[in-house]
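Open the model in a viewer and keep a selection panel at hand.

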Amino acid sequence: MDFGVLGPLEVRNDDTVVKLANGRERLVLAVLLLNTGRPVSPENLIDALWDEPPPTAKAQLHNLVSQLRRRLRPDVIVSGPAGYEVRLAAHTLDLQEFRALAARGLRAIDDGDHPRAVAALDEALALWRGPALADLPDKLAAGLREALHDERVEAVEARLGSRLALGAADEVLRELPALIAVHPYRESLYAKQMLALSAVGRRADALACYQRVYRRFADELGVKPGQALRDLEQRILRDEIPAQASVPRQLPPSPDPLTGRDDLLGEILRSANPIALLTGQGGVGKTALALAAAHHLSPSFPGGQLYADLAAGREPPADPHAVAGRFLRALGVDGDRVPEDPDERIALYRSLLAERRVLVVLDNADSEAQVRPLLPGTAECRTLITTRHRLGALVGSARWTVPTLTAVDSLELLGRVAGTGRVAAEAEAATAIAGLCAHLPLALVVAAGRLAAYPQWTLAELRDRLSEERGRLDELRVGDLDVRASLEVSYRTVAAGPRALLRLLGLVQAQDWPAWVAGTLFGGPAARLLADLTDAHLVQPLGRDSLGQERFRLHDLIAGFARERADTEDDADVRAAAVARLLEGWLALAVDADGRISHSLIRESSVDSPAPPPEPAEIVRENPAEWFEAERRGLAAAVYQACHAGDAKTAGRLALRLSGFLWLRSYDEDWADALRHAVSAVRAAGHGELLIRLVDAQFEVAMQRHHYAELPGLADEQQEIAARLGDRPLRVRALRNIGRAALRLDEIEMGIDVLTWAVAAARHPELPPGALGDCVASLGWALREAGDLTRSAALMAEAGDLDRATGQTLRYALRRYHLALALTGLGRTAEARVALTESMEITRDAGDDLGCAYVDQALADVDILDGHFADARRRIDRALDTHRILGDADGEATALRSRGSLAAAEGRFTDAVTAFRGSLAIWRRIGPKTEIDLTEALLEKTLLPVGNERNSALRHPG
């Protein structure tokens, strides 16, 4: 339990306040608490309770103590021959804590350690919550209260004495009048007032103070002041009281309440390290955070607060010895006594700080060499440093990297400046503004400041202004706040080489990139330059990716600034050459990686490619698919960048080389987007052979996305280009796609006819076996759709043999899968299982998760026919999860249909209906009609045992 007497009497049991009944009960507890550890006799308690005790006083006291015991824990109040006693043991009493802290402070004064004395006495006095025993009436508690208040005043006086010793006479003078008003005859308070007035050079006021005291004592008490006060007057008359050294108060005003920095501020304030280093990019709010911390800490540093802007990034940065001279003059050293010798100046500076408890704030530091001379020599002082650099050589300092704000905190900051109602009314635009400001506090304050300055603007209008990348930094300027100027300071802190690299990195359109990109752009070794930019917080390190590559990014505003500088400082041909080197590097790596993964899409024709950058080339050789995964977004950005740079060929080749991986991993939206940009550029440039391959890839992604209406147009464009090029294999491939398009549009007979022509054309001796295999497989698939399972199986077997002969492993796996579907339909489950098992092994080795899900579902159909229901259930659940994760509606509908077939086979007809309805809903959305018809037939067959009608099922498809 926790007991408090330094204020209203308070008892807490954990976090719950214990209510006490009446004044006498409270007085008994108060007397016992003030005598903790000592028994109090019943007679003394009765005397405290009553001026004239009643005959029943002892019985009433017994009842009061019994009531207290019931309210408190049983071990708190004990009784014995000598009376009643409070034993705290594991309980606490604020008075005990106050006395312990006050005693610690007095011991520190005896040792001459005034900073520790002030800290202990401040902590002791902070325990007081008001007048002692404030809720007890004076007639019961006046004597107890007076004794406690005397202890408090003694602690206050001791603290004032230590603050005087530390040079805080001005603070002492501000505090004394209120104390003297309460204790008008306490001579020690007047003595401190006279000493403080003398210390700040107000000798006449100190003597006048003595005269006022003399008259008050004579008029009101009929006595003279004591000998100590009279002696002090004589010392002042003889000018024996030394003037106090100057106490600097140099902190700039505290910033407005910080947003999103509470945790960081708390860590800084709690840190015991004498040096706190705040690093981060320009505009992130390091100075605001440091000043907020400094103002919180300043009461603990009565020797003063020194502040200097070290002007990193400006020419020239501040000379630390000149700063030390300013600090010495602020500490009271006459200008002509400031040493000229730099070493002597720093020695005097540290000597003065050794006698005081001073807080030093070094803002915007440029280097360790600039900071070191200004660091105090003792741990009693504290230094806060802000810098745009890491200053890694300041070993032993506590360091924090100040991040940009979270999205939520960004909106709060916007609301504080521009108005919370205004931000709430246009929440979507406000969120966009925060993102366009890269969540950088300076940019957010500027944006909000502009909104405040132009109340007629909507947030949507400002969002639109900021959306124009070229003019964004122009918009982020209001008054003397300028984001571009802040970035310019950071830019100027690094040497010419890192600045040149930063300008080139601004040309990269990827959100993040591996380290090799910097060297390729720069055209030579760039690791040291990149490290310098990272050290200056101009480039953000993101750590290592899954392949062990170091990754980096530029914040959006820094990237925009870097592009501005590149446009201004670098010739157009320099910029173009750097982008060309980067695109060549991406293309060389993509060519290598694409050649090492197995897929069945059309590939680029043989074209010489430049040698890939050596570091990532090794990764590509070992993990091509994982490299594609890590660089997927960077490669897509490279496609767009090549388009914008007018390099249509590179854009098309990159998109084509990226297609196989995106197909394998079902990144359909990314695939379609990259192809759309590349096809537009390549079509305009007239690269026919590359265009037809890209259009073929577009056909495949349209199939995968169920955009069947697009298929005929894409197939016709392929046929037209192939005819123009006079390329027989490409004409056959176009013919095959015309047939496939017909099938997807439910023109089965036309599809079979076209595919039959395609097979005949593909048997021409000039065509490669792969072309024949594709056409045979497509015809086999068409025949299965038409219900001719026997011919379908034969053609799929032939296609598989052709692919195996040419080493097309993934295509072979696909043929085995389609063969198994036909065999399953024919009831030849043993042969189907063999084909599917072989297909699964190849598909799994290729890392084709989607393909594995299809094979799993097909194996489940075989399990159902063979009566292996538990195995079928596991496979269906696994396949369904994969299809849903990858967003593959075709596969999800197929797996749901298998789930319905399993439920029907097990006699769970209601579950089967639910599954078939789910499958049917998807097929109706994406087609084709053959799948809809098949699922409707299964649903109709299943509804008969549960007594429903087909039309009812179709009207309520679940």
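Start with helices α21 (472-475) and α26 (556-569), each of which supplies at least two residues of the lining of the largest cavity. Helices here are DSSP runs of H or I with at least four residues, strands are E runs of at least two, and both are numbered from the N terminus. The model is predicted, so local features need pLDDT of at least 70 and side-chain atom pairs count only at pLDDT 80 or more, while totals for chains, interfaces and linings use all residues. Residues are numbered from 1 along each chain as its sequence is written, and side-chain values use heavy atoms, with hydrogens and water left out.

**The largest cavity**

Select Glu469, Arg472, Leu473, Asp556, Leu557, Gly560, Phe561 and Glu564, which line the largest cavity. On a 1 Å grid over the protein atoms alone, a cavity is a set of points where a 1.4 Å probe fits but cannot get out, and a pocket is an open set with protein on both sides within 12 Å along at least five of seven lines; lining residues have an atom within 4 Å of a point. The volume of the largest cavity is about 70 Å³, a volume being the space filled by probe spheres set on the grid points, which are joined across faces, edges and corners. Helix α26 gives the largest share of the lining, five residues. By class the lining has three nonpolar, one polar and four charged residues. For this count Ala, Val, Leu, Ile, Met, Phe, Trp, Tyr, Cys and Pro are nonpolar, Asp, Glu, Lys and Arg are charged, and the others, Gly among them, are polar. The model has three cavities of 30 Å³ or more.

**The second largest pocket**

Next, select Gly285, Thr287, Ala288, Leu442 and Leu481, which lie nearest the centre of the second largest pocket among its 36 lining residues. This pocket has a volume of about 1200 Å³. Elements that each supply at least two residues of its lining include α12 (286-297), β8 (305-309), β9 and α16 (407-418). The lining divides into 17 nonpolar, eight polar and eleven charged residues.

**Asp363 in β9**

Stay with strand β9 (residues 359-365) and select Asp363. A salt bridge is a side-chain nitrogen of Lys or Arg within 4 Å of a carboxyl oxygen of Asp or Glu.

Show the side chains of Thr287 and Thr386 as well. Asp363 makes a polar contact with the side chain of Thr287 at 2.7 Å, and another, of 2.4 Å, with that of Thr386. A polar contact is a pair of N or O atoms within 3.5 Å; within protein, one must be able to donate a hydrogen and the other to accept it, and residues adjacent in sequence count only if both atoms are side-chain atoms.

**Two loop residues with positive phi**

Go to Leu391, in the loop between β10 (382-387) and β11 (398-401). Its phi is near 50°, a positive value in a residue other than glycine, and Leu391 is buried at 2% relative accessible area. Then select His537, in the loop between α25 (527-535) and β15 (540-544). Phi of His537 is near 60°, also positive in a non-glycine residue, and His537 is buried at 12%.

**Charged pairs**

The structure holds 74 salt bridges. Select Asp545 and Arg551, whose side chains meet in one of 2.9 Å, N to O. Asp545 is buried at 17% relative accessibility, and Arg551 is buried at 8%.

Move to Asp670 and Arg632, which form a salt bridge of 2.4 Å, N to O. Asp670 lies in helix α31 (residues 668-685) and Arg632 in helix α29 (residues 624-644), so the pair ties together parts that are 38 residues apart in sequence. Asp670 is partly exposed at 28%, whereas Arg632 is buried at 11%. Finally, select Asp696, Arg733, Asp774, Asp803, Arg811 and Arg815, which salt bridges with shared partners join into one network.

**Last stop**

End at Gln704 in helix α32 (residues 688-704). Gln704 is buried, with a relative accessible area of 15%, and its side chain makes a polar contact of 3.0 Å with that of Asp668.

Note on methods:
Buried < 20%, exposed > 50% of the residue type's maximum accessible area, 1.4 Å probe, protein only.
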